[in-house]
Every structure is written in C-alpha cells, then in structure tokens.
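Dear colleague,

Please find the structure below, handed over for your use.

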Amino acid sequence: MAAQRRNLMQSHESWTDDLPLCQMCGVGTAPNCVYGPDGKGTQSHTNEDGHLGFRGEDGCFLYGVFNGYDGSRVANFASQCLTAELLLGQLNSSHTDNDVRRILTQAFDVVEKSYFETIGDALAEKADLSNYLLPHNENVSFHHSSQNQKFQERLKELEQEVSGGATAVVALILNNKLYIANVGSNRALLCKSSSDGQNQVLQIGRPHSTDNDEELQRLAALGVDSARVRQAGQIAGQSSTRRLGDYRVKFNYNEIDLLSAAKTRPVIAEPEIHGSQSLDSVTGFLLLMSEGLINALESAHGPEQANQEIVAMVAAELAQAASLEAAAQSVVDRVKRVHHDVYVSGRQRATYCSRHEDMTLLIRTLNYVLADGALTPTQGGRIYPVSVPYSNSQSTSKTSVTLSLVMPSQGTLTNGTNTASTLEEGTPTPGQSPTATLQSTNTQTQSSSSSSGDGSLFRQRGSQAAQPDETGRVPPYVDFSQFYRLWGSDHSDGQSTQGGLGPQ
C-alpha cells in the first residue's frame, strides 16, 4: 500500500478524479510575493497551498484549504488522501454527530500515517547516509573527501524530498449540518442571516499557534517550556503547534531546543473538530482561508479588522460577481492590493508588509443567490454585512455586538470600483435603504468598536446623508463652479461655457 501511495504521489494521477466538483463554492488564490525597494514584487517559491471542494453521495459535501510550507507535497497529498478517506463511502446520512467526529479524526490520522509511509524509504536512506558521513578533517584522504561530498549531495536531495508540512481547515456538510476540522492556523468564518433579519458572523475555532493558551498548556503538560515557546513565536520555522507532515517535529523533536524536554511528540496532527451546526433555513456563506491570506490582511490593517474586512469584501463581491470563482478571486486580489499599497505608502504598518505568503480563499454559499453581474451593488438591493473584529484575547467570555450598515438607495451615486459604502450607527434617513443589522458572535471576546483603523475599508461620514433630487442625483462633495468658470474663460472661442463643461 505504501508503494502504491508513493507511486501515486510521483505521478499526475489523482485518487479523486471521478468525484464531482461542488458548484456551490469558488476559490481564489494568489502566490507569495516579496517586495523590493521600488515596490515591485517577486515570487520567492512556487505556490504551496492546496484546496478541495467536492460533492459526495447522500447529501455530503467536503471542502478544505491547506497551507503548505517547504514545498507543496504535504498539502497536495493531504487534499487527495483526506477526500479519499471521507467521500468514498465512509459517511452516510445515518451517522450521528459522534460518528462524524470519529470518522473525521480517523481520516486525519490516516493522512498523517500514510504520508510518512510514502517517505519512509527516503527517511531510512537519509538516516543511513548520515551515519556514514565522516567529520571534516584536513587529514582525510581525497577519496574519503570525494565520498563525503557525494553523501552530502544525496542528503540534500533526500531532505528536499521529505521536508515540508501543511496546516488544514476542512468543512464537512452532512445532513445539512456543518462540521469544521482544523489543524493549524487557517481560519473558518460562517456568515448567516438569522430569522429576525440580523446577520451573524462566527469564527469557528481558534488557530493552533504559539499564542494560543490552550495549546501552550497542552505543550506544558508534555514538559515543554511554554513561556519560551510563546516568546519564540515559532517552532522549527512555523507558528503552528499542530501540523500535517513535517518529520522534523514528529520524529526528531528531541533535537529541537524548544521541544527537547517533551515526554512525547509535542506537535501533533490531531484535528480540533467543531460541530455539528445546523444549516437548516440558513442563508449566507462559509469562508475557509489560508494563513497567508489572514496574515496579509492583518499585517496591513491590524488583527482587529481582519474578520470585519474580509466578510465585507466577500459580501460586496457576491453582490456583483457573475460567479463564485470570480468573487473569491476578486477578494484575494483586493487583499493583495491592500497589502501592497500599505507597503509602498510608507505608513506605520508598512514594515509588516514587506512580503506575504501564498493566499487561498474558499467561498461556499448557503442558499445565497448571486446577483446579476451586470448590476451595481445598490441596484442589486444587497446589504453589505460587517463583522465585529476578531480579537486575539484569550478570554472565553461571549460578547454580542450589533452594528448597523446603511446602504444608499437605488439611484444614489456610488463608487462602483471599490463598492464602498457608508457605515452609520443610527436610523436611516428618508431616501435610504432600510438598515440591516449585523450581530457578530464569537466564542472568544471581541472588540465592540465598529470603526476601522488606518487604511480601513469603510470611512465614517457625517450623520446627515446627502439626499437625492428627483433625478436621483446627490449634491457634489466638491464645488467645481469656479473651475468651470476659469476653464471657460481660458478656452472660450466665442462659444458659451454652458455648451462645454459643467453640469447641464
């Protein structure tokens, strides 16, 4: 079996080629980028992220986003193997919540073990060659020196073959119930309209990272100095405390200073599973995001605004996009532009934005009808939801905050490029569309502030909104009459300026 998996990894064949793709999801991606002093970006390595979106039998759907590092092998393997372990008859509508959680946990365990089976021969050869390497000595003969060099070259090839890992966030829908399985630092957001007309945005789970108190407590119970881990911020080059693959932290963790005191394997691939959550009568969308996308937005605008902005961007794009794929790609492109613009601006957060990693966003709609792509957001009658910013606070108290977002009425001039809108906290004035409220709930404490920081997507305006006249126009924000007069006096050649520029 291991040989079959190894041969499959080296071929272009897929275990899941015959499974139907889900048409209710769209994916956007962007490769990593490092900016030069002139603001131009270059890609430092091939895209290492992976994703999946399949429709199984018996009303089963599977989605996932995988954040690979040091190569894409683990992300690619996990996306294929996990699908094969979940959608080839293992799940059916008779399974209970406990059954589903057990099957999900087993699937991740199989993925982890199967991956290491595929690189087992390479790991064994690597260990064997390491024993034959002679220490550097000037008195070593030319023959032994040449042999050492060959060993070193082969070891380098083997290291490239076996190194790397991935984090994963997976969503499973069965019997119209949602389950989220997370390993690492990716993110899942659920945005839904409730029966009372409010919109709820829920971040499902916390990242398994070096600033997660529960994960630090788990490491401390194994003998690891959690204070040092928190201070370091990384374990073997990554911030995640749970990963798929990465033999260094799974087999050689005693050789890593931070983990050397661990009684047993400290970095694990066991998923944290949330659910089930009923999707009956739910209208909205589910977002799965790679760590690279989250970090890019947080680097540009701060961690407090990440959930708020990404949900607003998705809602704005869904209001005008012709397809889910186009909407997802537009959001990723927008995050990429935001990150780049902050870097070239030289503002305070520019130092955090010199580079970003691969970015992946998966959008899965839930009874959500896409607007006609030819319509503007206001013509589509769409309300843009805004979530309360995600907080890194470790508190487990629950805070529920209601925000109001007022959209201009149809006919009001809007910025179609940025699909920006006016954020108000009050009653809509005549001529405006009804106010839709958004209640954002998180199992963690969240900030109640609705204002954005520097570079925010939304800008505050005065409480008195401009009113459209009978033609649907609103007064201009800038008076151009003096400009029209001067232009007319300089360019008039016997013609009235009323026949040229200016409002007619």
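The accessible surface of the chain comes to about 24,200 Å², of which 48% belongs to carbon and sulfur atoms; areas come from the Shrake-Rupley method with a 1.4 Å probe, and for residues only the protein chains shown count as cover. This is a predicted model, in which local features need pLDDT of at least 70 and side-chain atom pairs count only at pLDDT 80 or more, while totals for chains, interfaces and linings use all residues. Residues are numbered from 1 along each chain as its sequence is written, and side-chain values use heavy atoms, with hydrogens and water left out.

Of the 504 residues, 48% count as buried (under 20% relative accessible area; exposed is over 50%, partly exposed in between; 1.4 Å probe, protein chains only).

The whole structure holds 16 salt bridges (a side-chain nitrogen of Lys or Arg within 4 Å of a carboxyl oxygen of Asp or Glu). One of them joins Lys126 and Glu159 at 3.5 Å, N to O. Lys126 lies in helix α4 and Glu159 in helix α5, so the pair ties together parts that are 33 residues apart in sequence. Lys126 is buried at 18% relative accessibility, whereas Glu159 is partly exposed at 25%.

With kind regards

Conventions. Helix = DSSP H or I, 4+ residues; strand = E, 2+ residues; numbered from the N terminus.
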